[in-house]
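Open the model in your viewer and keep the selection panel at hand.

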Amino acid sequence: MAFVSQLSQFTLSVVTPQTQFTPRASVFEPNSVKIGAKRVEKTRIWTGELVRERPSFRVRAGSEEELGPKKEEGPAVAVVKEVKAVAEEVVTAAPREIDRLKKALVTSFNGTDRGLSATSETRAKITELITQLEAKKPIPARTEALTLLNGKWILAYTCFAGLFPLLSKGTLPLVTVEEISQIIDSENVTVENIVLLAGPLATTPIGNGAKFEVRSPKSVQMKFEEGIIGTPQLTDSIVIPENVELLGQKIDLSPFEGLINSVQDTASSVAKTISSQPPLKVSFSKSNPESWLLTTYLDEELRISREDGGGVFVLIKEGSSLLTT
């Protein structure tokens, strides 16, 4: 009966057969099936299959008059666009502001001898710039921070009083602190703090080695293991200043020039021998001293750290253009 019900929905064309056939008895009761002439749009029966024509579409260009005026944007859309524009401006302006602050900070170090001779006014200015930088950029996650920490960092400024006696060595006759640096090996979790002392005959690195443990993206605990006295690097050409100041008096060194020239050849040969020797390392006792270091700003070329006593260190990555600012 389902078939009969479906069949009643279509128009049938009845063709009188040309051949004779013998009618068979109907399986339906008389008048039980009615076939009407109801028309369904675009529907045909063809060889027993149902075929429905697909709708067709035509596309043509229309003028603005035909399309009608553009719909005006609602207030919500306008607000979203304005917020997006402001956000894009902030994103592009932030790096420029950070670069400006970094350059201003490094420029303020000029004439301070790494902070030893900085005036109270200069220190206040430096402190303000450091505070602004610390607020501008969050510390990276632990994995990224380790990658950024890796390498050699050169001390540019400190207010840590514990380093001032060392920095004052540069005020001694014929001795200068040429460089203070920190070498971090994130793969082996080691730190080397090195001070390079320069004299007229040689430059000698001294320092210490430590193991470190990253306790958080900001904090590092260091455990010092040994002191290091590096191999003196003798100069091939000995340069002596014309005079030195000692106890407020200038001492003329020109009379020693002839003597110094006579030992230059000997010094050159000795330099090659000494330079080939390994550095002297002295292990600390079992109760190794420890220290905490809190990094408050870090990027590819600048690092700001604070030690557990409150001292501030500003270090610049070796090879950075900030070293020549």
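Is glutamate 213 buried, partly exposed or exposed? Glutamate 213 is partly exposed, at a relative accessible area of 42% (buried means under 20% relative accessible area, exposed over 50%, partly exposed in between, with a 1.4 Å probe and protein chains only). This is a predicted model: local features need pLDDT of at least 70, side-chain atom pairs count only at pLDDT 80 or more, and totals for chains, interfaces and linings use all residues. Residues are numbered from 1 along each chain as its sequence is written, and side-chain values use heavy atoms, with hydrogens and water left out.

A salt bridge here is a side-chain nitrogen of Lys or Arg within 4 Å of a carboxyl oxygen of Asp or Glu. Arginine 215 is partly exposed too, at 44%.

Next, select lysine 102 and glutamate 301, a salt bridge of 2.8 Å, N to O. Lysine 102 sits in helix 3 (residues 75-107) and glutamate 301 in the loop between strand 12 and strand 13 (302-307), 199 residues apart (helices, H or I of at least four residues, and strands, E of at least two, are DSSP runs numbered from the N terminus). Lysine 102 is buried, with 4% relative accessibility.

Finish at the largest nonpolar core, which has 23 residues; such a core is a set of buried Ala, Val, Leu, Ile, Met, Phe, Trp, Tyr and Cys residues joined through side-chain atoms within 4.5 Å. Leu155, Phe212 and Met222 are among those with the most contacts inside it.
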